[in-house]
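Notebook, opened with the coordinates loaded.

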Amino acid sequence: MRLISYGRQTIDKDDVREVARVLKSDWITQGPKIEEFESSLARYCGARYAVCVSSGTAALHLACMAAGIRKGDEAITSPITFLATANSILYTGAKPVFSDINFETGNIDPCAIEKKISRKTKAILPVHFAGLPCDLLRIYEIARKNGVMVIEDACHALGAEYKFRGRWVKVGSCHHSDMTVFSFHPVKSITTGEGGAVVTNNNKLHLLLKALRSHGMYRDDMTAKNGPWYYEMRGLGFNYRITDFQCAMGLSQLKKIGYFLNRRRTIAEIYNKRLSDIDEILLPMEGKGVRSSWHLYAIRINESRNASAIRKDFFNYLLKNRIKPQVHYIPVYWHPYYKKLGYKKGLCLKAEEF
């Protein structure tokens, strides 16, 4: 019997054909499929610009850089996230400040954010946990009141939606953020193998992100006067470029995202129906005014006194029955590296209980 993993990519003959077509073309790395995928992604999200890069982590790092986060600054984020969110703040030399969550959703609590804002705060990085949109309207109000940027970590949430002025808008439309970050890892809504993107409505950020992904190099009106061959490096960037054949796969996958999202929702509905009468577990909630992309279906043990031991036994029971679960997440600041930086248990009590 095959081990049932908690997530797996769906690759079909159309994806293979599109990748093969690019591999047989003149362009493998920096070719026309990149801009084509960026345009399609931006259009899907309802944003003006998209910049695709080599991973979701690279996208988070460049978004933090583009936001001007640097040594001596602070950026607020959730401890219930993958390491990449907080690590990207560290990459800039700044300090991650962890804010507690709403216990029902697993998402960062806007009230807790307000208590963590300081003069050093440069940005807020809300995480759409498991694909469920955060309270973006409230977070954006807090950010604007305090003059800080909002960078959505939407690595779980491509295709998720929330209600704004009576209509549904997609996470990534950047109505209530400066930048939104996506991941195209194989277990996400669509995949390019590895890969990520930053979407924004700000052209200055768009141009800066494009330069930062490619060593800080510019080719523009200022460089054109020196000849079509001329480029110049105006800041320190990275080689975070995505390839043309990856973007060919991304384009093919994006055409099927409606099917992928519907399939995830169908599976979530099956779980809701079949697990709802089990008192020992708590099921994930969606709530009014939001539509999850259902990246994860995270159940919780409904027993606070001995939940950790029960969870371990339950985890091992599932493994023995060829079902591979996962725990999302160990609070970031519990990891040994973060302990060395001075973070201690007890910092975000709801996140730790979660």
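I began with threonine 77, whose bridge partner in S4 is leucine 125. I note for the record that the model is predicted.

I then checked the cover on strand S4 (residues 121-125): 4 of its 5 residues are buried, and the strand is mostly covered.

Entry 3, an antiparallel sheet. I traced an open sheet of 3 strands, and its order is S7-S6-S13 with antiparallel pairing. Which strands are the edge strands? They are strand S7 (167-170) and S13, each of which pairs on one side only. Strand S6 (residues 161-164) is joined to S13 by 2 bridges, and the two run antiparallel. In this pairing I find glutamate 161 opposite arginine 291 in S13.

I listed buried residues in H1 and got Asp15, Glu18, Val19 and Val22. Seen down the axis of H1, the buried residues fall within an arc of 95°, so they line one face of the helix. I also asked what covers the buried residues of H1. The cover includes helix H2 (32-45) and helix H9 (244-254).

Is isoleucine 4 buried or partly exposed? Its relative accessible area is 41%, so isoleucine 4 is partly exposed. I then found isoleucine 4 in a nonpolar surface patch of about 310 Å², made by Met1, Ile4 and Ile323.

Alanine 298 counts as partly exposed because its relative accessibility is 24%; the cut-off for buried is under 20%. Leaving aside neighbours within four places in sequence, I list Phe129, Leu282 and Pro284 as the residues in contact with alanine 298. I also took a C-alpha separation: alanine 298 and valine 327 are 29 residues apart along the chain, and their C-alpha atoms are separated by 8.3 Å.

Note on methods. Residues numbered from 1 in each chain as written. Predicted model: local features only at pLDDT ≥ 70, side-chain atom pairs only at ≥ 80, totals over all residues. Heavy atoms only, no water. Buried < 20%, exposed > 50% of the residue type's maximum accessible area, 1.4 Å probe, protein only. Contact = heavy atoms within 4.5 Å. Patch = residues over 30% accessible without salt bridge, like charges linked within 9 Å, V, L, I, M, F, W, Y side chains within 5 Å. Areas by Shrake-Rupley, 256 points an atom, 1.4 Å probe, with all protein chains shown as cover. Salt bridge = Lys/Arg side-chain N within 4 Å of Asp/Glu carboxyl O. Pairing = 2+ DSSP bridges. Arc of directions from axis to C-beta.
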